[in-house]
Amino acid sequence: MKTDTGRETGTRSRLRENVEAILVAVVIALFIRTFVVQAFKIPSGSMKPTLQIGDHILVNKFVYGIKIPYLNTVLIPVRSPERGDIVVFKYPMDPKKDFIKRVIGLPGDTVEIRDKNVFVNRERLKKDSGVHTDPNTATFGPSKQRDNFGPITVPPESLFVMGDNRDESYDSRFWGFVPLRDVSGEAFIIYWSWDGDHFRIRWNRLANLLH
């Protein structure tokens with residue numbers, strides 16, 4: 001026959017087991033979010049048509065190496081970003097914000113834009129994912145550099161990035177380079193997409209791999 005003391009001991013034991021299970025789950029979730037994969041939501045149209053407003057994506061955080069949290073120092077290198085990668089990074093003008101753009105220039109590359117055409121190392125960019133919605137070429141004012149920019153050389157440990165929606169993207173043409181240490185990872189899949197304008201799920205975008 002169980003005594004009250006026995007019942008209390010059993011209850012405490014089950015409670016301890018539940019607490020331990022929750023703590024382990026939290027630690028695993030934090031580990032995955034910090035080192036493996038993290039979810040992000042697309043709030044703007046700067047990467048259209050590749051990414052739409054309301055797309056929810058997963059970002060591979062270890063593809064460029066395992067970093068020490070907060071210090072952003074690479075502990076175990078894997079590979080460097082490549083031209084064409086879609087990367088999430090800390091916005092240089094406000095590190096509290098995350099931005100997503102496509103890598104155009106790597107360290108040492110010379111980037112130039114002439115009449116909306118992108119040139120890297122004096123050659124027109126191959127497999128350019130950029131699209132243009134404005135048929136006009138800006139020739140003066142703050143937006144002049146949108147369509148005619150450079151040439152400029154990407155410094156060491158930095159990237160030159162641009163949005164695929166070239167006429168509607170605030171990117172390296174306006175605020176400069178992205179330090180490699182501030183790159184969080186590479187976006188690789190859309191796991192959910194919500195069309196807020198029409199209040200519906202974009203079923204055709206689910207599980208789309210990004211490239």
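Here is a chat about a predicted protein model, its strands, cores and one of its pockets.

Trainee: What should I know before I start?
Mentor: This is a predicted model, where local features need pLDDT of at least 70 and side-chain atom pairs count only at pLDDT 80 or more, while totals for chains, interfaces and linings use all residues. Residues are numbered from 1 along each chain as its sequence is written, and side-chain values use heavy atoms, with hydrogens and water left out.

Trainee: How many helices and strands are there in the protein?
Mentor: There are three helices and 15 strands. Those are DSSP runs numbered from the N terminus, with at least four residues (H or I) for a helix and at least two (E) for a strand.

Trainee: And what share of the residues is buried?
Mentor: Buried residues make up 37% of the 211. Buried means under 20% relative accessible area, exposed means over 50%, and partly exposed is in between (1.4 Å probe, protein chains only).

Trainee: Let's look at S11. Why is S11 largely enclosed?
Mentor: Five of the five residues of S11, 158–162, are buried, so the strand is largely enclosed by the rest of the structure. Ser158, Phe160 and Met162 point one way, and Leu159 and Val161 the other.

Trainee: Why the two directions?
Mentor: In a regular strand, side chains alternate between the two faces of the sheet.

Trainee: Which strands pair with S11?
Mentor: S6 (residues 98–105) is joined to S11 by three bridges, running antiparallel, and Arg102 stands opposite Met162. S12 (residues 178–179) also pairs with S11 in the antiparallel sense, over two bridges, with Leu159 opposite Val178. Pairing here takes at least two bridges found by DSSP between the strands.

Trainee: Which residues touch the most other members of the largest nonpolar core?
Mentor: They are Val87, Phe89, Leu159, Val161, Trp175, Val178 and Val183, out of 14 residues in that core. S5 (86–90), S6 and S11 each supply at least two residues of this core. A nonpolar core is a set of buried Ala, Val, Leu, Ile, Met, Phe, Trp, Tyr and Cys residues joined through side-chain atoms within 4.5 Å.

Trainee: What does Trp175 touch?
Mentor: Leaving out residues up to four places away in sequence, Trp175 touches Phe89, Tyr91, Pro92, Met93, Phe99, Val161 and Tyr170. Contact means heavy atoms within 4.5 Å.

Trainee: New topic: what is the volume of the second largest pocket?
Mentor: About 240 Å³. Of its 15 lining residues, the closest to the centre are Pro43, Ser44, Asp98, Phe99 and Ile100. S6 gives the most to the lining, with four residues.

Trainee: How is a pocket found, and how is its volume worked out?
Mentor: On a 1 Å grid over the protein atoms alone, a pocket is an open set of points where a 1.4 Å probe fits, with protein on both sides within 12 Å along at least five of seven lines; lining residues have an atom within 4 Å of a point. Points are joined across faces, edges and corners, and the volume is the space filled by probe spheres set on them.

Trainee: Last one: where is Trp192?
Mentor: Trp192 is in strand S13 (residues 183–195) and is partly exposed, at 32% relative accessible area. Trp192 and His56 are 136 residues apart in sequence and 5.0 Å apart in space, C-alpha to C-alpha.
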